[in-house]
Amino acid sequence: MALTKFNFNSFDLTTAASKGLAFNSSANGFETAVEGSMTLIKTLTASSSATLSFVDGSSSVVLDNTYPVYLFKYINIHPATDSTNFSFQANASGGSGYNETITSTYFKAEHDEGDSATALSYDTDFDQAQGTGFQTLVGGLGNGNDESASGQLYLFNPSSTTFVKHFFGVSQYYHKSNYSNSHRAGGYFNTTSAIDEIQFKMSSGNIDAGTIKLYGIKDS
Amino acid sequence: MALSKVNFNSMNVTPAASKAIKFNSSNNGLETGDIGGSLVLISEQTASGVQTLSFTSGIDSTYKEYIFKCFDINPGTDDQVFRIKFSIDGGSNYNATVTSTSFYALHREDGSTASLQYHTSMDEAQGTSGQQIARSIGNGSDESFCATVHLFDPSNTTFVKHFISRGNEYQSTNDESRDYNIAGYVNSTSAVNAVQFLIGGGVFDGTIKMYGVL
């Protein structure tokens, strides 16, 4: 008996480019299905890691003009060293080193478990004015057994060769002094070169544990 | 010869409404499921004159992050607090310990007042009565509160459980927009496995959706 294969037009529905095949809402026919707009690109898991890097074209990482927005989610980052900063930098396409020029802002809210201190303040320790250092996302992270940081970082249109590259991050973490800290970093890489590499690291010591995920977000 | 097309019930899989046809995880058969996208809608609840909405299933190690989206929370009584509460016993008790921060920006419709401030009335220091994510929601017919709450790695049994909430409120008494920024941690190394939303007094209407992030 000959093997029969179904072709794209063998199904009882009107085909649509780049759409999936799904049952309709009544489960009595087919319909085309829309793919989600947020796509997981790569997951990196730290294990006493000095750095975690996302490099376009390497290890299945996409960080180019495929997506206009990229989103990094960092989950339970735990440093090997107490009171260190979790940070990131970029390398421009064709460049060398994670040392792009950054101008940024940084502010934070904090509250201790003993209810003795609260604050909402700008923090000049962690902003940059045309600096080339790593941009802090989390400052003063504790390394106690149950202490960690989680949050997310948006990077907009990194492949643009016209505009600077904007980013903003929101982090929530357990400060070394038993504080809940909510930190916000926003800024731009002051370059018109495309950015295709992002690296995360602690200001001192390794990333003992944690997960960083890279997503691409469509605009249409 | 008549043209034959493959019909929905010709596939070797049980049809499921609005689900796509995929190869199964063993790659030896078909299954239904969601295609593409990393944001997966797990469940949705619509409140109509209730005091609480609880999510008691689906919060586990399947996802490293859960997102709750609150749509148009409208209280039955004016000027109400809206809280999120966490459970580490499957919803028997919503009293997990929280330490958190709270700040908000506000601006009145008449332009008379605008500010950014830390708000000590909404933060928690090892509190167990629930985390406020809105402070004074109006109950006018067009007044409501919307928010997104991220809960990270709730099944983790090593670290505390971090959450980040941002929401906007139509404030009840001053006709002002309030942008609430609440973040903190559930200070427990036990897994968080249920979440409840609670209006401060009376009842509320609205919709809350829970997503998992792949």
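Contact here means heavy atoms within 4.5 Å. By that rule, 58 residues of chain A are in contact with 52 residues of chain B. The model is predicted: local features need pLDDT of at least 70, side-chain atom pairs count only at pLDDT 80 or more, and totals for chains, interfaces and linings use all residues. Residues are numbered from 1 along each chain as its sequence is written, chains are lettered from A in the order in which they are written, and side-chain values use heavy atoms, without hydrogens and water.

**Confidence**
- The predictor assigns the complex an ipTM of 0.85 and a pTM of 0.88.
- Chain B has an average pLDDT (the predictor's confidence in each residue, from 0 to 100) of 93, and 97% of its residues score at least 70.

**Interface**
- Chains A and B bury about 4,200 Å² between them, 66% of it on carbon and sulfur atoms. Buried area is the accessible area (1.4 Å probe) lost on being put together, summed over both parts.
- One salt bridge is found across the interface. A salt bridge needs a side-chain nitrogen of Lys or Arg within 4 Å of a carboxyl oxygen of Asp or Glu.
- B:Glu65 forms a salt bridge with A:Lys73, with the closest N and O atoms 2.9 Å apart.

**Cores**
- The largest nonpolar core has 36 residues; B:Phe68, B:Phe82, B:Phe86, B:Phe145, B:Val195 and B:Phe197 touch the most other members. Such a core joins buried Ala, Val, Leu, Ile, Met, Phe, Trp, Tyr and Cys residues through side-chain atoms within 4.5 Å. Buried means under 20% relative accessible area (1.4 Å probe, protein chains only).
- Another core, of 35 residues, lies apart from it and includes A:Ile41, A:Leu137, A:Leu153 and A:Ile212.

Methods:
Buried < 20%, exposed > 50% of the residue type's maximum accessible area, 1.4 Å probe, protein only. Buried area = accessible area lost by both parts, 1.4 Å probe.
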